[in-house]
Amino acid sequence: MKREIPMIIAGTVGIVLIIQYFIPAEPFGTLNDVFSDWFSIIQASAIWLGALNLIKVSGDKIYRRHKDWPYAAIIIVSFLVMVIIGFFFSGGRRFLDPGTPFSQMYDYVYSPLTAMMFALLAFFVASASYRAFRARTREATVLLLAAFFVMLGRVPLGDMLTGWLPRWLHMSEVASWIMNIPNIAGQRAIMIGIALGTVSTSLRLILGIERSYLGGE
Amino acid sequence: MSTLGIWVGALLTLGILSFLYKDNPFYKLSESIFLGISAGYWFVSLYYQSLLPKLFDNLGITKMMGASETDGALQSLFIHGRWDPNLWYLIAGALGIMMLLRLIPKAGWISRWPLAFVVGTTAGLYFTRYLASNAFSQINATLKGFVVFGQPGFFGWANLNNLILLIGVVSGLTYFYFSKEHKGIVGGAAKVGIYFLMVTFGASFGYTVMSRMSLLIGRLDFIYGAWLGLLR
Amino acid sequence: MKHSRLSFILISILFLSPLSGQPPPDSGNPPPLVRPAEEIRAFDTPNDAGNSITITWKRSPDDIADQGRFDGYDILRGRSPDGPFELVLSVPGGGNENNPLYKTCLDNNTEDGTEYYYAVDAKAFGTTTRAVSRMPAKSSQQWFNTDLVNMLIAVIFLSAAILYYIAGAKSGKKLYIRKIAGLEAVDEAVGRATEMGRKIFFVPGTQDMDNVQTIAGLTILGRVAKVAAEYEAKIDVPVSRSLVMVTAREVVKEAYYNAGRPDSYSDDMVYYLTDDQFGYAAGIDGLVVRQKPATIFYQGAFYAESLILAETGNSIGAIQIAGTAMASQLPFFVAACDYTLIGEELFAASAYLSHEPKLLGSLKGQDLGKLAIILALVVGLIIQLSGAYDFASIFSVSAGGE
Amino acid sequence: MAGPNRADFWNSMMKIDRRIIFLFIFVAISVPMFLQIQLKIPTSPEVESLVATLDKLPDGARVLVSLDYDPGSEPELQPMAETFFGYALKRKFKVIVIGLWPQGPIQAERAKPIAETQAGRQFEYGIDYVNLGYQAGNELVIQRMGSSIPQTFPVDYFGKPITEFPIMQGVTNFSNIDYVFNLSAGYPGTVEWVLFAVDRFNIVLGAGNTAVQAPQVYPYLGKQLKGILGGMKGGAEFEILTGLPGRAVKYMTGQTFAHTIIVLFIIIANIAYFTTRKKEQGGLS
């Protein structure tokens, strides 16, 4: 029973949602929105489990005097600081309004960290392309050439180098042709494949053929 | 912006940047602050943006606690004797509580019910959504736009490009074909498909490089300009 | 009647004082009266949940773009063709995309079952002229969206194909499945971790359980964890969503149980870092450089963090096997990882690794769908080029889709 | 004698420490920020047509600016906002700001003072500039604006009723707007403005997009979309064509340097690869 009832729930909910796609009438028309609200509620309840786990793992490190225990302490403290500020010192529902302590933490601590982490990509695209774009095999050569043309086509340098050629051979034109024709073709093949994979996976989940997410008896 | 805020932001920025050289205490500090702060941020946000408005407000628990004047579904039922469709949210609340029962080892198995609900919902929604937007729309877009026979431009560039595109899609799909050995004509088509995929990967990579650079420009502008005041 | 009186007054004013307000197009002549909209039709908006009526009309000949003299239309509604009418909405000039001679708009505030008559006032040169629909309209909700017949057929066809092959596979028919390089490497990658005495990291992406890629990633985790349990390799699953944490624990526990080593399982193998995309990336980067796992799996939905993770993993020399259906992130995984499951391969992976006939059967069904699409494209090309029929329109999804 | 040395060099290039690459990128982007070098940036037809459309508007025209992005896309889109405001000041346009993204209106308030300092003239709030803030609803907001702008945005960003402002007098819907400028980093954004405002309400639209987003809007260029500024390069061209050189031109130098360095590294990597591979093969035979 520990597995049967969940399988029935998943199957029923899945089939109802597939059917509702074709029915505009109420309550089917809005079922989608209602269920995604329910999902948010489950998600927001579950975050307690994650947060407690984070505190437990960090707490363990402190308790066992793991060599990085001070950092574990910092994790707990900064989590608690953010939560306490958010719930008690930032005006409740309007917690994100400009000027609240919570939004200041967001602006001065959270934002710069996010932005810099994101900006690391500038370095990583450089190192990854240095390693990956080598003409080792025929496939790799195609990859390299496509990347090379598109990259050059996007800076003035590319057109300067090819300025003497007819317009349609200018680097920027070649780059946009690659982007619009073969690139889109590949994208579409990938997308259609994904659609079929999704359909098949969804069906396996609905029918209960794939049920490893439920664990054992 | 407050000066203190800029200093904090700038130091944390440098902490993350230092990771490029190697792992170090400065990075560890920034990372730990990041983990704690961001987990806290989502913890608070999910409460105010999901739990409170979607569950507590709809049911009227907010009013019971005296934090709101607006009636919810429970008030409708018990005070006004009216059925309110929001009462269905009781199920969502129950699913949420079942999830939290994970904390009690003996009752943990019940959390599979909300999990099954989530998985069922996802499967049901993605089934049709992906078929429509990923398969149907893409097939439609691939076939649209051909110049019809007998019209000017039938032998023109547009049709040639459209044809290349269609060949790319067909051969790419052949590459994903699982149940046939990639030999002979299937093998040849799959090979062409791989080349198209490689162009896609190379081109998308090359295309993104520039916008990633601009992210770094934004950060360095903050460090040199807002923090150190070296610019302009 | 208020409106006609108003227009009467306006017209009188214009007649009496030629220098006022709007200059007439041809000075000297009396200012023209705007020509009305024609062929007003109102009908129940099709394929909706009710409470909506569609109004369409032929545009006034004075509704010309780029002249700036046309002031749009007022839509009014009443319970009888003689009024009284009340204003429901105003729309600017200009026609429909597919048929510019006509204009269409929706009144989304009707009561189902009530008969309404609609009037359209064309407004220009400070004058207003009214046209009224002859036939009443009633709104109602529909029980089947006729725009989606094509989708319904596809859903039935695909489901039938997959179910057919699953049934066939259960009855013992042998199925050929081509090699998928990234999955062939799983055993080797796990084995290497055991040899080196280092950990395996499994990163299930940054999205929650409401993304089917995450679920596909977790089913792969089940197979990988089983191999790891058999090899007695240590596996770590840092996650960024609490629901994923709960699910991943069930999955790994079951895998250890199936591998005959339930005692080696511990909840600590799966732990939560943060819901935040880049916070999670920062955390994993730290873990990777400090614990130096021998093998890293990235299976699920990824955004910009993909390359941050994969480059850090590469810098410590880990074997990396990635898989995602995020088309925009595939190039980065392809560039930085040893093996990458591309799009559909992510969804095929769990079936492939399990060797279970039922699951493999579903792959075969999927392939039939692919074959149908390839045929549709080739046949469609010929029909499309011949101009006999707009084959592409069979695949247009107007409502319901994203 | 040079032979083995050269091979050693390429061998070491094969295994180059990635931190050296990082350093090059860092320097390439940092240095131009302090220098006054200006690369010659050729202009492209899509930016030229955007500026031409703007130039054709009468002085004092009423323009709507929709900022649909957040701080994540600031380096690419913020310079465009600044330049547009600068141009609006020059031409005495009446500017109405909205945002389909919550952070959009804040970005406008940040761009405004920078444009004002550069132009040496200030917007008069309520007379030639108003910020109507953000409304939730994505493309539905555009649709609602099509019927009535005052009903969609009853109050401005600061909570004042918009009837108070002279700039809003006589504005009912899109028919009273001469031009719409959209800065977009995704959904909702330019695509929605084209589908829901251009196609239905005949507005004149110009757009600035992030480089990642731009390819998706190129198909609309022409009748539906009168010009595109694509990424930082588009922003720089916009600054040059309007005669208001600003941050994008300066940033563009660093970006071009970094880009060129990556291309050079790829070339080096391939030379290194082929040199070392030949040597290995030679050794075998």
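**View 1. Phe333(C) within helix H8 of chain C.** In this predicted model, Phe333(C) is part of helix H8 (residues 330–336) of chain C; helices are DSSP runs of H or I with at least four residues, numbered from the N terminus. Phe333(C) counts as buried because 25 C-beta neighbours lie inside 10 Å; the term requires 20 or more other C-beta atoms within 10 Å of the residue's own, with C-beta atoms placed from the backbone. Apart from neighbours within four places in sequence, the contacts of Phe333(C) are Tyr298(C), Ser306(C), Ala310(C), Ala322(C), Thr324(C) and Thr340(C) (contact: C-beta atoms, placed from the backbone, within 7 Å). Between the C-alpha atoms of Phe333(C) and Ile284(C), 49 residues apart along the chain, the separation is 16 Å.

**View 2. The interface of chain A with chain B.** Here 101 residues of chain A are in contact with 92 residues of chain B. Elements giving two or more residues to the chain A side include helix H2 (28–63), helix H4 (101–132) and helix H8 (182–207) of chain A. That side of chain A holds 76 nonpolar, 17 polar and eight charged residues (nonpolar: Ala, Val, Leu, Ile, Met, Phe, Trp, Tyr, Cys and Pro; charged: Asp, Glu, Lys and Arg; polar: the others, Gly among them).

**View 3. The interface of chain B with chain D.** Contacts join 15 residues of chain B to 19 residues of chain D. On the chain B side, 11 residues are nonpolar, four are polar and none is charged.

**View 4. The domains of chain D.** Chain D comprises domain 1 (2–37 + 253–284) and domain 2 (45–244), with bounds from an automatic or database domain assignment. The centres of domain 1 and domain 2 of chain D, taken over C-alpha atoms, are 42 Å apart.

**Conventions.** Residues are numbered from 1 along each chain as its sequence is written, while chains are lettered from A and ligands numbered from 1 in the order in which they are written. In this predicted model, local features need pLDDT of at least 70 and side-chain atom pairs count only at pLDDT 80 or more, whereas totals for chains, interfaces and linings use all residues.

Notes. Two residues are in contact if their C-beta atoms, placed from the backbone, lie within 7 Å. A residue is buried if 20 or more other C-beta atoms lie within 10 Å of its own, exposed if 12 or fewer, and partly exposed in between; C-beta atoms are placed from the backbone.
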